[in-house]
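Welcome to a short tour of this structure. Keep the viewer open beside the text and click along as you read.

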Amino acid sequence: STRLGTLNIVSAGNVGAAALTLGAFDQDAGSGTTTFGGAVNTNTSAGVSVENTNLAVNAGVTTTSSGVVTFTQSGTTAIAAAGDIVSDGAVTITSGGGMTISGDITTTADTIQFASATSLGGAVALASANGAVTFVSTLNGAQNLTITAGTGNVTFNGAVGGTTRLGTLNIVSANNVTASALTLGAFDQDAGSGTTTFGGAVNTN
C-alpha cells in the first residue's frame, strides 16, 4: 500500500510485471520481452521509460507530475486495447521491428510521436490537448483513427494505408495537418486553425 520510488532494471531477459505503483519505471536494457500485465502508475517527471527488445503493454499506463512515457524497442512494441496511456508528459514510441497500437493515448498539452512503422490493431483515439501528433513512418491497419490535437500540428510523414487501408481518419481538431499519400475508408476533418496539406494522393472507398 506504499508507492515505491524508482524501479530501475539495468539489464534482464524477460520482465513480467503485474500492477506497478512507483515514482518511476526505468528499464535500461533487455534481451527478451517486457510485459506490463497490470496497471502502471508513476508520479515523478521520469515517468515510464523502457529500452529493450520487445514490449507488450496489456494494461493502462498513467503518469503524473509531467511524467513522460518513452518506449524504445529494437524489436516490436504491442499496446493492447486495455493498454491505454494517460500521460502528463510527452509520449514517444520507437520500435525497430514495428509497433501495433490498439489502446488510446492521452496527454496534457504534450507531444505524441510514433517514430517507427505503425499498425493499428483496433480503433484508436489520440488526444494531445494542443500537443503535436506525429507519425514519422508509415501507418497501416484496417481500423479507425481519431485525433484531437487542439492547436497542435498533425503530421503524417509516411504513407498512410499503403499496405493495409485504414478505416476513417477523423481529425477532430488541429492546427496544421500535413499528410503524404492517404489510402482510407474516409477522411473527416472537423476543425483546424491552420493549413491542411495533402502532399500525396488521397484515395477513399
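## S173 and its surroundings

Let's begin at S173, which touches I147, T148, A149, G150 and A191, leaving aside residues up to four places away in sequence; a contact here means heavy atoms within 4.5 Å. S173 sits in strand β23, residues 168-173. Strands are DSSP runs of E with at least two residues, helices are runs of H or I with at least four residues, and both are numbered from the N terminus. A polar atom of the S173 side chain lies 2.9 Å from the backbone nitrogen of G150. S173 counts as buried because its relative accessibility is 16%. For orientation, buried means under 20% relative accessible area, exposed means over 50%, and partly exposed is in between, using a 1.4 Å probe and protein chains only.

A word on the basis of all this: the model is predicted, so local features need pLDDT of at least 70 and side-chain atom pairs count only at pLDDT 80 or more, while totals for chains, interfaces and linings use all residues. Residues are numbered from 1 along each chain as its sequence is written, and side-chain values use heavy atoms, with hydrogens and water left out.

## The open sheet

Now look for an open sheet of seven strands with parallel pairing, in the order β2-β5-β8-β11-β14-β17-β20. Its edge strands, each pairing on one side only, are β2 (15-17) and β20 (139-140). Two strands are said to pair if DSSP finds at least two bridges between them. β2 and β5 (residues 33-36) are joined in the parallel sense over three bridges. Within this pairing, G16 is found opposite T35 of β5.

## The nonpolar core

The largest nonpolar core holds 44 residues, and F36, F71, L126, L145, I147 and F156 have the most contacts inside it. Such a core is a set of buried Ala, Val, Leu, Ile, Met, Phe, Trp, Tyr and Cys residues joined through side-chain atoms within 4.5 Å. Not counting residues up to four places away in sequence, F36 touches A17, L20, F25, V48, V50, L55, A56, V57, N58, A59 and V61.

## Aromatic pairs

How many aromatic pairs are there? The count comes to four, where rings of Phe, Tyr and Trp (its six-membered ring) pair if their centres lie within 6.5 Å, with planes under 30 degrees apart counted as stacked, over 60 as edge-to-face and the rest as tilted. The F135 and F156 rings are stacked, because their centres are 5.3 Å apart and their planes are at 10°. F135 belongs to strand β19 (residues 133-135) and F156 to strand β22 (residues 154-156), so this pair ties together parts 21 residues apart in sequence. F135 is buried at 2% relative accessibility, and F156 is buried at 2%.

Turn next to F187 and F198: with ring centres 5.3 Å apart and planes at 85°, this pair is edge-to-face. It links distant parts of the chain, with F187 in strand β26 and F198 in strand β27, 11 residues apart. F187 is partly exposed at 24% relative accessibility, and F198 is partly exposed at 42%. Separately, F114, F135 and F156 form one aromatic cluster.

## T195 in its loop

Our last stop is T195, in the loop between β26 (186-189) and β27 (196-198). Is T195 buried or partly exposed? T195 is partly exposed, with a relative accessible area of 49%. Setting aside residues up to four places away in sequence, T195 touches N175, N176 and V177. The C-alpha atoms of T195 and N175 are separated by 7.0 Å, although these residues are 20 residues apart along the chain.

Key:
A polar contact is a pair of N or O atoms within 3.5 Å; within protein, one must be able to donate a hydrogen and the other to accept it, and residues adjacent in sequence count only if both atoms are side-chain atoms.
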